[in-house]
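Here are my notes on the model, for you to read alongside the sequence and the coordinates. They go sheet by sheet and then turn to a few single residues.

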Amino acid sequence: MRVLLLGSGGREHALAWAIARSPLCGTLFIAPGNPGMAALGTCVPLKLDDHAGIIAFGQENRIDLVVVGPEAPLVAGLADELIAAGMRVFGPSKAAAQLEGSKDFTKSVAVAANAPTAAYRTFTSLVPAVAHVHEQGVPIVVKYDGLMAGKGVTVAETIGEAVDALETLYASEPAARVVIEECLIGEEVSYFCLVDGETVLPFGAAQDHKRALDGDKGPNTGGMGVYSPAPVFTVEMERRALDEIVKPVAREMVARGMPYRGILFAGLMITATGPKLIEFNCRFGDPECQVLMLRLADDLLPILDAVARGQLAGVTARFNPESAVGVVMATRGYPGSYPSGTPITGLDDAAAMPGATVFHAGTRLVDGKLVSAGGRVLTICATGKGLPEARQRAYDAVAKVDWPDGFCRSDIGAKGLAHLKG
């Protein structure tokens, strides 16, 4: 097969790593890719918002399957355009991608599907939104309706924090659509399912760490680390999430004439009464994808192709019982302002550690030297017989990275260990 993978982050590096291992993969193009992916396929300088350029490249190079990594092209309708041009695509339509593109849309679908989720209201102006916060009290969650790369959510512990978040949003966009919802209490889990209309295939779970600093302190980020499997997500919790949330939502999307086809990433809160939906994403998570690919026992490429063909029924996806841990290394200052072009060495030594794999995200080469080119720059991963071994191996690999301008959390996986001991 001739495959075109779109994206340049750690998620796409992990997908490229898995696709390149497939006996079915004849040629792999990656657009635009990053230095870590260059050994896995041919990186091509396509821009993700240049739909016409992507389509032309796909046609000229006889691409059999396009795998869309990030959410923005999907929300913008790239999958529809590629299909109209005669190509198979792994990724949902523009209509179905609203499950990530609009928080208000997602809440309406969840309510119609009777899927458990937080109570909410949607606002398009500041004054009534602020009044609602005062009426409901805190903690409370403020969400921008559209895409903000994982940073459009404020979990406000005080009225002041909620009002500040609202004022910031409405200052930049006076008629912004904002969802304000109750704050769910529990532990967050990232649950992934492949969906083809009403056919749903579970595809693993992981527990992400969103806050920048140890102890879940500091601002929200795109994700600072992850482990899989997540002990808090028991077999019973998965059954309930599948039966109460994912399958009903898939049926509701079919009923609305916008069947979902692709990976559906359900952000769940495991509460005292069971799983509740926080949000949906229309792509693999980052850094969750990295650890899922390391645990996947089956060939990824035919699974992705089956979804793109609408032939998911009968497909299986097996995962190794071993654990995987991913520690994100970010540039100091992230998620605020941070420098670019800082030198990084030691990655070969890190990758040579037992069970370790290094995935690139925000990196580039300058005069043959690797430097930082983003906020979240690397995901240092490791597998092990259980969570304690995988975690130790991941941090042993992190210690081999020489990057004075980088930082990481030191407690990735600690919550999982507490569950195992408890």
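1. Start with the open sheet of four strands, ordered E6-E9-E7-E8 and paired in the antiparallel sense. Its edge strands, each pairing on one side only, are E6 (120–123) and E8 (153–156). From one strand to the next the twist averages 20°. Helices (H or I, at least four residues) and strands (E, at least two) are DSSP runs, numbered from the N terminus, and two strands pair if DSSP finds at least two bridges between them.

2. On the basis of these notes: this is a predicted model, in which local features need pLDDT of at least 70 and side-chain atom pairs count only at pLDDT 80 or more, while totals for chains, interfaces and linings use all residues. Residues are numbered from 1 along each chain as its sequence is written, and side-chain values use heavy atoms, with hydrogens and water left out.

3. E6 pairs with E9 (residues 178–182) over four antiparallel bridges, and Thr-122 has Val-179 of E9 as its bridge partner. Helix H7 (residues 126–136) packs on this sheet and touches E6, E7 and E9, with its direction at about 160° to that of E6. Helix H6 (residues 103–112) lies across E6, E7 (140–144) and E9 and runs at about 145° to E6. Contact here means heavy atoms within 4.5 Å; axes are lines fitted to C-alpha atoms, for helices over the stretch in contact, and angles run from 0 to 180 degrees between N-to-C directions.

4. The other open sheet to look at has five strands in the order E3-E2-E1-E4-E5, with parallel pairing. At its edges are E3 (42–43) and E5 (88–90), each pairing on one side only. Six bridges join E1 (residues 2–7) to E2 (residues 27–32), and Gly-7 has Pro-32 of E2 as its bridge partner. Helix H1 (residues 10–20) lies across E1, E2 and E4 (65–68), at about 165° to E1.

5. H11 lies across E1, E4 and E5 and makes about 115° with E5. Eight of the 10 residues of H11 (residues 300–309) are buried, so this helix is largely enclosed by the rest of the structure. Among the buried residues are Leu-300, Ile-303 and Asp-305. Buried means under 20% relative accessible area, exposed over 50%, and partly exposed in between (1.4 Å probe, protein chains only). Asp-299 caps the N-terminal end of H11, with a side-chain oxygen 3.1 Å from the backbone nitrogen of Leu-301. After H11 comes Gly-310, with a positive phi near 75°.

6. Strand E15 (residues 261–271) is mostly covered, with 10 of its 11 residues buried. E15 pairs with E10 (residues 187–196) over 10 antiparallel bridges, and Arg-261 of E15 stands opposite Asp-196. Seven bridges join E15 to E16 (residues 274–281), also antiparallel, and the two strands are linked by a hairpin through two residues. Thr-271 has Gly-274 of E16 as its bridge partner.

7. Is Thr-342 buried or exposed? Thr-342 is buried, with a relative accessible area of 8%, and is found in the loop between E17 (323–331) and H12 (347–351). Its side chain makes polar contacts with those of Ser-372, at 2.7 Å, and Trp-403, at 2.9 Å. A polar contact is a pair of N or O atoms within 3.5 Å; within protein, one must be able to donate a hydrogen and the other to accept it, and residues adjacent in sequence count only if both atoms are side-chain atoms.

8. Ser-372 belongs to the span of E20 (residues 369–372), which pairs with E19 (residues 363–366) over four antiparallel bridges. Leu-365 stands opposite Leu-370 in E20. The hairpin of E19 and E20 has two residues between the strands, and Asp-367 there takes a positive phi near 55°.
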